[in-house]
Amino acid sequence: MNSTGILLLIGGYFALLLIIAYFTGKNDNNEDFFRAGKQSPWYLVAFGMIGASLSGVTFISVPGWVQDSSFSYMQVVFGYLAGYFVIAWVLLPLYYRLGLTSIYEYLDTRFGWHSYRLGSLSFFISRVLGASFRLFLVAIVLQQFVFDAWNVPFELTVVLSILLIWVYTFKGGIKTIVWTDTLQTFFMLLAVGLSIYFINDSLGWSLGEFLKSEDLKAYSQIWFTDSLADKNHLLKSFFGGMFITICMTGLDQDMMQKNLTCRNLKDARTNMISFSLVLVVVNFVFLLLGALLFIYAQRNGIGLPLMDGSPKSDLLFPEIALNGDLGPWVGITFMLGLIAAAYSSADSALTSLTTSFCVDFLGIEKREKNQRKALRKRVHIGMSLLLILVVIAFKYVLDRNVIDGLLTVATYTYGPLLGLFAFGILTPYALKDRWVWVVAILVISGVYALANLPGEWLGGYAFGYELLPLNGLLTFLGLYLIRKPK
């Protein structure tokens, strides 16, 4: 599939998004932008959240991870499932009872201004980095397979990508995103299904033959229980995944903002449970696709694509889809799926960052009514510019598989949120509020130092995603030391 065809496909796709944005953004008010009028059907939110949760990182990076880690990612996915049940039965009732626009308002009510600011800042940093990871992955694919042929610099590719998101979200916000996420999830799942079908067909396999093949067995080990010192041990992956979900969904304004647009708690809980069960199946399908890609590459002598002279497993899927001999439909559906996967998470991230900054940092609900809409729009532009700068910076600093990088960053940035919310929900104590910054800085610094100790000092033990619950636990203990009497 040539670069001109890809550009035409991208243009047609965004034209469709703009049509949706036109109808959902007619009111152009803050209530719709932040809450969608609290009228979103739960099943629409649930289906759209599949795409937002998977994102371009899962679409490309999870299949590319199979060569190094087999199907060990499923251990993390089962942890995700446990985390979603905690969100549904512990956090959602709290948010609906308080009627929150930003979930971090809870920390203001519970502890005070400093805790509120710490929680908001933790989310802000986490979401800027998370959204930038996702956008970076898509930008490098578009650059390598489209814009390099037109001699367009990477920086301009990033600017154009984020500009397109801003155009279709600046009026409708979360109300638009609930509907566009549904469309984007459909395209993503369609792309994966058709890719699996066409690759199997080219290898002369039916789906059943592929699932029974010896080739698949070389990649399909799920459970890793040999040594607790290994980074991908079952217990470390499961509990790390559970706490990653609690933090990156349950304590994340981006994901919770969609849930809070449901009509009531019952609908939001139904959305969360149904979505989480489907997500397990979808992630497994992505791993099957990853194994199939490496089998196909081995059979056809396809090496890992190079980026800046280094092999990049994240680029294997686009290399096979766009430059392989699988026919035009694989390339077309891959590009649709990639764009859908990327922008289904990036658009909601931009909206949630705007929401959090307006509510948590600027106190927009306390401003004069005639100032609120203009303020929201200025912040929306500012968040877009911030994402552009961070995504461009990643080109020069990122040196690992993108999903691994994303989850590693989460182990540090979400620790203060996990500790604060856990302390607020599980204890009756108030805090000496201004000291929460000291606790957070000391804990994050200590965890970072611990994670970077030489392996021989720890008997060969390698830290994995268990750093997140450890971060949260140490924050909890630190908060206990600065508690006030009951």
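Mentor: Let's start with a word we'll need: a residue is buried when its relative accessible area is under 20%, and exposed when that value is over 50%. Keep in mind that this is a predicted model.

Trainee: Okay. How many residues of helix 11 are buried?

Mentor: 12 of its 17 residues, so helix 11 is mostly covered. Among those buried are Lys 236, Ser 237, Gly 240, Met 242, Ile 246 and Cys 247.

Trainee: What span should helix 11 have, and how far apart are its end C-alpha atoms?

Mentor: The idea is to count 1.5 Å a residue; for the 17 residues of helix 11 that should give 24 Å. The end C-alpha atoms of helix 11 are 23 Å apart, which agrees.

Trainee: And helix 19, how far does it reach from its first C-alpha to its last?

Mentor: Helix 19 covers residues 436–451, 16 residues in total, and reaches 22 Å, close to the 22 Å expected. Its buried residues are Val 436, Val 439, Ala 440, Val 443 and Val 447. Look down the axis of helix 19 and these buried residues fall within an arc of 95°, so they line one face of the helix.

Trainee: Which exposed residues sit on the face of helix 19 turned away from its buried side?

Mentor: Ile 441 and Leu 442.

Trainee: What about nonpolar side chains in general?

Mentor: In soluble globular proteins, they tend to be buried together. Here, the largest nonpolar core has 153 residues. Phe 59, Tyr 95, Met 272, Phe 334 and Met 335 touch the most other members of that core. Helix 13, residues 265–299, gives the most to this core, with 18 residues.

Trainee: Last one, cysteines. What is a disulfide?

Mentor: A covalent bond between the sulfur atoms of two cysteines. To count one in a model, look for a pair of cysteine sulfur atoms within 2.5 Å. Here the count comes to 0 disulfides.

Trainee: Are Cys 247 and Cys 262 buried or exposed?

Mentor: Cys 247 is buried, because its relative accessibility is 0%. Cys 262 is buried too, at 0% relative accessibility.

Key
Residues numbered from 1 in each chain as written. Predicted model: local features only at pLDDT ≥ 70, side-chain atom pairs only at ≥ 80, totals over all residues. Heavy atoms only, no water. Core = buried A, V, L, I, M, F, W, Y, C linked by side-chain atoms within 4.5 Å. Buried < 20%, exposed > 50% of the residue type's maximum accessible area, 1.4 Å probe, protein only. Helix = DSSP H or I, 4+ residues; strand = E, 2+ residues; numbered from the N terminus. Expected span 1.5 Å × (residues − 1). Arc of directions from axis to C-beta.
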